[in-house]
Amino acid sequence: MRLKSIILFGILLQSAAGFGQEPSEMKKIKGGTFVPLYGTDSSEIYVRDFELDVYPVTNEQFLAFVKKYPKWQRSEVKTLFADNNYLRKWESDTELGKEVVAKAPATTISWYAAKDYCACQGKRLPSMDEWEYVAMASETKANAQTDSIFNKRIVEGYEKPKTYLKPVGSTFKNYWGIYDMHGLVWEWTSDFNSVLISGESRQDVDTERNLFCGSGAVNASNLMDYAAFMRYAFRGSIKANYSIQNLGFRCAKSLKQ
Amino acid sequence: MKIKQSINRVLPVLTVLGLALLASCGTEGTKKEGSAVDPLNIKVEGTMDAELTAPPFVPAPVGDRPAKKLFVDMEILEQEGTMANGVTYVYWTFGGSVPGSFIRTRVGDEVEFTLKNHPDNKLPHNIDLHAVTGPGGGAASSFVAPGHEVTFSFKTLNPGLYVYHCATAPVGMHIANGMYGLILVEPEGGLPPVDREYYVMQGDFYTAGENGQPGLQPFDMQKAVDEDADYVVFNGSVNSLTGDNALTAKVGETVRLYVGNGGPNLVSSFHVIGEIFDKVYVEGGSMINEDVQTTLIPAGGAAIVDFKIDVPGTFILVDHSIFRAFNKGALGMLKAEGTENKSVYSGKQVEGIYNPEGGSIQSMPGEAKAPAAAVAVSVEERIKLGKQIYSQTCFACHQGEGQGIAGAFPPLAKSDYLNADVDRAIGIVLHGLTGEITVNGAKYNSVMTAQTLTDEEVANVLTFIYNSWGNNKTEVTPMMVTKVKSAH
């Protein structure tokens, strides 16, 4: 099913290529190895050097995008690519309205729309590993996985309601110079559904052994596990056409080797 | 499928065994007659929308209605609520309340359950109903992202009172934030009718701040792992069943409480002060115990208790692990009105004694007010407030007239050591003192602990001491205390 849609999407994408928007600011991320709390397997992951947007894409940026590409306007979008919640709080196809904060991260956007947005900037969505690699950086450390205060702050951020209304840049700037990895909204990754959590987490322990036992993640007394648990559970609950109030995105770019 | 088949095979055997046992004992069966019918074969007649209620209320009894197709429509809301006076918390709820909406069914009902995850919610959720026979109790089928809904169906096979809860990773956190509730499956013909029914569910909460610390308190993972609860409460908050929120009944009525325990960690020793449970449906199942004082309710378990109100007064619901009741909030009230029955109880009920005491170390009323009053304070006022602190904190060792105890605790009255150096005195109150000192010519070698007082309180109590018992009438200001504190 999904594969088909991707192929189909690829065809659509080609026809859309070449427009190009003014790209937003990016920072270079120096690659390296790390152990994700859940990965596709339990060993270390290598992330190449890449670039990542400093901020999540904002509502006003997305507005400019849909004005340029009407097929991503609410009334035009195919339900295959975006469910009924797509841009649901917007005043109209081309107006944000009162409920939507211009400088806040763009949310209620499907994976397809996010992916196309990045493509039109000559970018792409970050992979889950890339995203997690950057997300484990605190203000001062590239890898703060073992910093309990940092991790506690992340969990607390996940619990706070209505953070999608805050402007981008309102949380901390991390080691790489990237803002808002935690504390505003969840973010799409290109391969968000490569980790399968059925939602019955106790059963998952049984069937997805490498997912839950890998990296010693089964010991849930580690706070980082909790933050990761929540991210992966969230990713496991969504489909590519879902448009969710607390889910935004930012773009990444591969470096020429 | 497999499970269903095995139930089919096992049930007739059990029923035969049960009948044999009953016959041989010659006792009246506590099991309802309907149990002879395999619940799987109960036909549903018609449909209805389930009535859902927020605690402490329960929906109307099923009575003798036939089994039906029952539509349950529940919305998950993540919302801020009040934990205690001045303390708020972001609860994750089934239906907007903690515990979640009460669901009432009868055996044989086919429940079509729609679970909605509000679009503004941040997290995916699901529901595991202990009343469901099937993998994960419905959890696997009900995993739902924010802004979406899922529908699944199950048939109620076993009568009893069951817990439901969220089982999305991290499970402990979802439960700790309030995602639990009760679903009742009544036997055919319903439970025996009573005059009043209420819904009470215990839960433990883990906040970053200690019990009573005001403001919006985030969940504290480490405390949850350590099972070190800041709040243990009925129905989601400290005051949910006290004062104006108290349960009510009249003398002569029989009250039934559907009591659950959401946990996540603690087991409840459920007790009603001044009552004896006439009947307890042990662990919410079919076994009935009689004349019970305290019944144990496991985390993720429930019990039904019935008792007749014989005398008026306020009956107190507690977790009889008693510090939880008086210091962490696990306390509720049932107010019964009616005429007194002196042959049952002759004494006078005193209500005030059962007020919750809160989580902090107990203190005198004046003490808590001191910092606020001290902002525009006179020396007289400082002395007055300081006296209260003295009697609370210093009195035991230094004695009522500051005379101390010879050989153990040095005197504060006409004390050369005290009057010689005010900064030293402040330092001792702040940091404590060990080792040998000479006061008024006598040697003392003892320990004084550091006192956990505010700067304001230190200033007040020292001003009181300096202005009493022939000392040099120094006024100690909070600024002086702060200075000494900063010097270290």
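1. A salt bridge is counted here when a side-chain nitrogen of Lys or Arg lies within 4 Å of a carboxyl oxygen of Asp or Glu. B:R104, B:E186, B:E197, B:R256 and B:D306 are linked in a network of such salt bridges, and the count over all chains comes to 31.

2. This is a predicted model, in which local features need pLDDT of at least 70 and side-chain atom pairs count only at pLDDT 80 or more, while totals for chains, interfaces and linings use all residues. Side-chain values use heavy atoms, with hydrogens and water left out, residues are numbered from 1 along each chain as its sequence is written, and chains are lettered from A and ligands numbered from 1 in the order in which they are written.

3. In chain A, the side chains of A:R235 and A:E132 meet in a salt bridge, with 2.9 Å from N to O. A:R235 lies in helix α8 (residues 223-237) and A:E132 in helix α4 (residues 128-135), so the pair ties together parts that are 103 residues apart in sequence; helices (H or I, at least four residues) are DSSP runs, numbered from the N terminus. A:R235 is buried at 6% relative accessibility, and A:E132 is likewise buried at 6%, where buried means under 20% relative accessible area, exposed over 50%, and partly exposed in between (1.4 Å probe, protein chains only).

4. A:K162 forms a salt bridge with B:D120, their closest N and O atoms being 3.0 Å apart. Each of these residues lies in a loop of its own chain, so the pair joins two chains. A:K162 is partly exposed at 42% relative accessibility, whereas B:D120 is buried at 16%.
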